[in-house]
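Subject: Structure handover

Hello,

Here is the structure for you to look over. My notes follow below it.

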Amino acid sequence: MDEQYAWLYQDMEERTEAVEKLLDQPHALSGEIHRRKMKIEVLRRAVSRLEVHLQKDKVRYTPDPSGKQELLAEAIDEEQEVLRLEKEYDQAVLTAAEWIAGIFDPVAQSIMEMRYMDRMSWDEIALRTRYSRAQVFRIRRKALKELAAPGKIIPGCFTVQKTI
């Protein structure tokens, strides 16, 4: 490849990665929401066990020797963060859906929806579309390049254009 144009390929690769990250964001947020909900459940169980222990031993609640209030405060903070993440998730799903809707080829659009919206595996997509897995990857790569085309503003992707 000509050295003079190497930056064009690098820029396109960065843009393609940024588009894929944008499309993967709902999945990443979903995982984070799930982890935080599990943490909330663990905190609530710890508080329940402490309450049983304190009642059994008839320990007074002042000045909270068990750390119960601290655990409850942490659970409340986590719940607030989950609410914030759920709003961010909803927005990320809408954004990903808008980007996928912008793909011209209906087959590519369908493959991208199956992968990024329905979270299907590549094997499931290949089976459903009756394409080989390699062909599914080629279609995906072409769709990502279409979405990453110069002139489109990709959230989170700040690339500087070079002049030749």
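Where is R119 found? R119 sits in the loop between α3 and α4. Helices here (H or I, at least four residues) and strands (E, at least two) are DSSP runs, numbered from the N terminus.

Two points on conventions first. This is a predicted model, in which local features need pLDDT of at least 70 and side-chain atom pairs count only at pLDDT 80 or more, while totals for chains, interfaces and linings use all residues. Residues are numbered from 1 along each chain as its sequence is written, and side-chain values use heavy atoms, with hydrogens and water left out.

**Overall**

The protein has five helices and zero strands. Along the sequence the pattern reads α-α-α-α-α. Of its 164 residues, 29% count as buried. Buried means under 20% relative accessible area, exposed over 50%, and partly exposed in between (1.4 Å probe, protein chains only). The accessible surface comes to about 11,400 Å². Carbon and sulfur atoms hold 54% of that surface. Areas come from the Shrake-Rupley method with a 1.4 Å probe; for residues, only the protein chains shown count as cover.

Now contacts, meaning heavy atoms within 4.5 Å. Among contacts with a separation of 6 or more, 68% are between residues 24 or more positions apart.

**Cores**

The largest nonpolar core has 22 residues. A nonpolar core is a set of buried Ala, Val, Leu, Ile, Met, Phe, Trp, Tyr and Cys residues joined through side-chain atoms within 4.5 Å. V19, L23, I103, M112 and I125 have the most contacts inside this core. Helices α1, α2 (68-101), α3 (106-117), α4 (122-129) and α5 each supply at least two of its residues. There is also a second, separate core of six residues, including L29, I33, V82 and L85.

I103 deserves a look on screen. Leaving aside neighbours within four places in sequence, I103 contacts A108, Q109, M112, A143, E146 and L147.

**Helix packing**

Two packed helices are described by the angle between their axes and the distance between the axes. Axes are lines fitted to C-alpha atoms, for helices over the stretch in contact, and angles run from 0 to 180 degrees between N-to-C directions.

- α3 and α5 pack at about 100 degrees, with axes 9 Å apart. That makes α3 roughly perpendicular to α5. Angles of 65 to 115 degrees count as roughly perpendicular. On the α3 side, V107, A108, I111, M112 and Y116 take part; they meet V136, I139, R140, A143 and L144 in α5.
- α4 and α5 also pack at about 100 degrees, with axes 9 Å apart. These two are therefore roughly perpendicular as well. W122, D123, I125, A126 and T129 in α4 meet R133, V136, F137 and R140 in α5.

**Buried residues to check**

R140 lies in α5 (residues 133-147). Is R140 buried or exposed? R140 is buried, because its relative accessible area is 14%. Beyond its neighbours within four places in sequence, R140 contacts E20, M112, Y116 and W122. Its side chain makes a polar contact of 3.3 Å with the side chain of Y116. A polar contact is a pair of N or O atoms within 3.5 Å; within protein, one must be able to donate a hydrogen and the other to accept it, and residues adjacent in sequence count only if both atoms are side-chain atoms.

V47 is in α1 (residues 6-57). V47 is buried at 5% relative accessible area. Not counting residues up to four places away, V47 touches K68, L71 and L72. The V47 and L72 C-alpha atoms are separated by 7.2 Å; the two are 25 residues apart along the chain.

T16 is another residue of α1. T16 counts as buried, with 15% relative accessibility.

**Loops with positive phi**

Most residues other than glycine have a negative phi. R119 has a phi near 55 degrees, a positive value. R119 is partly exposed, at 31% relative accessible area. R130, in the loop between α4 and α5, has a positive phi of about 65 degrees and is not a glycine. R130 counts as exposed, with 78% relative accessibility.

Best wishes

Key. Angles under 35 degrees count as roughly parallel, over 145 as roughly antiparallel, 65 to 115 as roughly perpendicular and the rest as oblique.
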